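Dear colleague,

I am passing on the structure that I said I would send, together with notes on what I found when going through it. Please read the notes with the model open beside you.

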Amino acid sequence: MGNTEGALKPESVSTKQARIAQLARSSPAMVLTSLNHHLDEEWLRYAYEQTRKDGAAGIDRQTAKDYEANLEVNLKSLLERIKSGRYKAPPVRRTYIPKADGSQRPLGIPTFEDKVAQRAIVLLLEPIYEQDFRPFSFGFRPGRSAHQALRELRSSILERNGRWVLDVDLRRYFDTIEHGKLREVLARRVADGVVRRMIDKWLKAGVLEEGPLLRLEQGTPQGGVISPLLANVYLHYVLDEWYEREVVPRMKGKCSLIRYADDLVMVFEDFLDCRRVLEVLGKRLAKYGLTLHPGKTRMVDFRFKRPGGGQHPATQATTFDFLGFTHVWGKSQRGKNVVYQVTAKSRYARAVKAVWEWCKRNRHRPLAEQHRRLSRAMLGHYAYYGITGNTRRVRWYAHRVQRAWYRWLSTRSRGGGGLRWRRYEQLLGRYPLPTPRVVHRYTTTSETAP
């Protein structure tokens with residue numbers, strides 16, 4: 001059972017969401033007090049269909065297959081508990097995954113039923129906030145993607161003369177959202193008792209690790225599908241509206257904000273504009289319990305031509321990373337100054353290491369199985385990093401995958417002589433690895449990197 005997010009939306013759900021969206025759009029200042037009447041068994045069934053079925057189990061150890069065995073009864077019971085207020089949000093099971101810098105990132109795993117309940121509430125809230133969210137917000141929104149954010153960033157530099165970049169890093173954003181402030185923000189648009197009660201229960205549910213239950217006063221529900229939406233709503237009011245209302249009118253030159261959840265950059269035509277915003281941004285965020293990472297938030301001198309060749313003394317860099325890509329100036333085939341977005345070194349190293357370790361651990365598995373797994377990894381890499389101007393690094397990745405597979409397959413040889421390269425080439429003839437390719441073409445061929 002895999003992800004079923006492509007399931008066809010029932011007409012009744014579409015109609016209800018369209019009504020909610022129309023009401024929110026026509027009355028942008030209205031606080032919506034009646035939403036839960038849209039919840040019915042068909043709504044919850046669609047929420048169930050939209051919920052990933054292959055995720056890890058929560059604290060109750062119930063899998064999607066277990067839940068499906070008595071689906072109609074389970075959904076009916078869930079609906080009744082949500083409506084009556086008897087639903088109890090279970091604690092999130094916490095585990096950890098390694099980060100690129102050697103530290104560990106906490107990962108929350110809700111129960112499967114809790115994921116369904118959260119999805120049902122998200123389906124109610126999305127039509128409202130999609131009318132409010134700004135066009136420069138791209139993360140975790142229907143019909144929007146990281147590549148759209150990257151295209152917008154590139155356009156802000158090339159077409160709006162962006163030469164000074166504020167590379168912003170919010171310290172532990174998802175973990176530091178203040179619950180009281182979040183409730184105040186939600187109250188500006190949603191006052192439905194059932195919906196707000198459910199959100200409160202998720203905020204108070206806590207985290208279960210080894211030892212006692214941890215009750216948290218900050219942060220959004222870890223691992224839950226509602227967490228990205230709540231985080232987007234918070235930054236919409238804290239940052240996006242403030243930027244449009246207070247920042248843009250005071251700027252001397254053009255400026256842009258590009259945000260993907262808590263990953264964001266601000267691009268300015270004028271240096272003084274960039275410095276002024278940096279001076280006030282931390283104060284604005286502090287009002288809502290958020291902090292800038294002092295070592296990672298920086299001004300970038302992104303002029304393609306700098307007087308004297310050196311960077312401005314008030315800045316810390318001449319390139320920057322955003323959404324896994326390093327942004328650098330280069331020359332097109334026609335000699336034009338263009339911005340290239342190339343795989344960030346840390347992301348490249350992480351991807352290569354992951355393939356190397358997998359080949360090492362699984363070298364004794366059947367060749368067909370290894371080939372399928374490696375092909376999926378490579379196609380996934382191309383699907384994200386295969387953009388115009390990044391061909392060279394995508395090819396490097398493909399070459400390293402090929403070499404890693406060869407290295408660990410050669411250890412299977414019983415004679416100790418290893419796998420000969422000619423023999424490996426014959427093997428690749430039977431099990432060809434996917435050829436590097438550009439998936440996202442949003443520049444002209446005249447701007448393609450050599």
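Glu 113 is buried, with a relative accessible area of 14%, where buried means under 20% relative accessible area, exposed means over 50%, and partly exposed covers what lies in between (1.4 Å probe, protein chains only). This residue belongs to helix 5, residues 112-132, and helices here are DSSP runs of H or I with at least four residues, while strands are runs of E with at least two, both numbered from the N terminus. The side chain of Glu 113 makes a polar contact with the side chain of Arg 81 at 2.8 Å; a polar contact is a pair of N or O atoms within 3.5 Å, and within protein one atom must be able to donate a hydrogen and the other to accept it, with residues adjacent in sequence counting only if both atoms are side-chain atoms. When neighbours within four places in sequence are left aside, Glu 113 is in contact with Tyr 67, Asn 74, Leu 78, Arg 81 and Tyr 87, contact meaning heavy atoms within 4.5 Å.

Please keep in mind that this is a predicted model, in which local features need pLDDT of at least 70 and side-chain atom pairs count only at pLDDT 80 or more, whereas totals for chains, interfaces and linings use all residues. Residues are numbered from 1 along each chain as its sequence is written, and side-chain values use heavy atoms, with hydrogens and water left out.

Turning to the helix pair, the axes of helix 1 (residues 11-26) and helix 2 (residues 41-50) come within 9 Å and cross at roughly 100 degrees; axes are lines fitted to C-alpha atoms, for helices over the stretch in contact, and angles run from 0 to 180 degrees between N-to-C directions. Helix 1 and helix 2 are therefore roughly perpendicular to each other, a label given to angles of 65 to 115 degrees, with those under 35 counted as roughly parallel, those over 145 as roughly antiparallel and the rest as oblique. On the helix 1 side, Ser 12, Val 13, Lys 16 and Gln 17 meet Glu 42, Trp 43 and Tyr 46 of helix 2.

Trp 164 has Phe 268 as its bridge partner in strand 7 and stands opposite Asp 301 in strand 8, while Asp 169 stands opposite Asp 263 in strand 7. Because 5 of the 6 residues of strand 3 are buried, this strand is largely enclosed by the rest of the structure.

Two loop residues deserve a look at their backbone. Most residues other than glycine have a negative phi. Asn 161, in the loop between helix 6 (146-158) and strand 3, has a positive phi near 55 degrees and is partly exposed at 31% relative accessible area. Ala 261, in the loop between strand 6 and strand 7, has a positive phi near 60 degrees and counts as buried at 7% relative accessibility.

There is also an open sheet of 3 strands in the order 9-10-11, with antiparallel pairing. Strand 10 (residues 325-331) is joined to strand 11 by 7 bridges, with Thr 343 in strand 11 as the bridge partner of Phe 325. Helix 6 lies across strand 9, strand 10 and strand 11, running at about 155 degrees to strand 11.

With best wishes

Definitions and conventions: Two strands pair if DSSP finds at least two bridges between them.
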